[in-house]
Amino acid sequence: MISFFPLGGALEIGANSYYLDLFGTGIILDCGQHPQKTGFASLPDFSLLEGKPVDFVIISHAHQDHINSLPFLIKEFPYLQIIMTPQTRDIAELTLHNALNIMREQVGEQAAKLLFTHEELDMLTESIIALPYNKPYHLVGHKHRINEEIVVTLYDAGHILGSAMISLECAERRLLYTGDI
């Protein structure tokens, strides 16, 4: 059984984030922030994940509309495995800290308590699985219902440094998420 739905970014640019359930393994594709909205209104709707398996998040590239909500997702689901290219990881180390500073200004002092710290961001980026292009990686979620593993492979999207198309294969099915190409 496969299901797919947007958490944000559907029919517009910004807050790109999509949920994919492949045979009981939950995968989030991108985790962006809407560039024309401020504060918490700029985030994808993570409440749609309630009761769903959520095991992995795979980031296509380091533009704000594809990565800036990642710390908020990890705050709700701290056990998620994060996958992206090494180049995207390196850019994320810089851009996520900048995004935190901007968000703190936007939400004000009182709501800033709901945010994360720069130290937490450092731990997040250290936990990233930096997967090079063209190297298959096997995924199995906690509630995976079939014997065959999911194979993820990242391919160069040519959009920005480190950008990747995400190929997911399992049970003779193949999905290609392009991000921005």
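Residues 24 or more positions apart account for 59% of those contacts in the chain that have a separation of 6 or more, a contact being heavy atoms within 4.5 Å. The model is a predicted one, in which local features need pLDDT of at least 70 and side-chain atom pairs count only at pLDDT 80 or more, while totals for chains, interfaces and linings use all residues. Residues are numbered from 1 along each chain as its sequence is written, and side-chain values use heavy atoms, with hydrogens and water left out.

The chain holds 4 helices and 10 strands, in the order β-β-β-β-α-α-β-α-α-β-β-β-β-β from the N terminus. Helices (H or I, at least four residues) and strands (E, at least two) are DSSP runs, numbered from the N terminus.

For 181 residues, a compact globule would have a radius of gyration near 16 Å, and the chain agrees because its own value is 16 Å; the radius is taken over C-alpha atoms, and the globule rule is 2.2 Å times the number of residues to the power 0.38. Of the 181 residues, 52% are buried, that is, under 20% relative accessible area with a 1.4 Å probe, protein chains only.

The largest nonpolar core comprises 30 residues, and those with the most contacts inside it include Ile28, Leu49 and Ile82. Such a core is a set of buried Ala, Val, Leu, Ile, Met, Phe, Trp, Tyr and Cys residues joined through side-chain atoms within 4.5 Å. Among the elements giving two or more residues to this core are β1 (2–8) and α2 (70–76); α3 gives the most, with 5 residues.

Methods
Buried means under 20% relative accessible area, exposed over 50%, partly exposed in between (1.4 Å probe, protein chains only).
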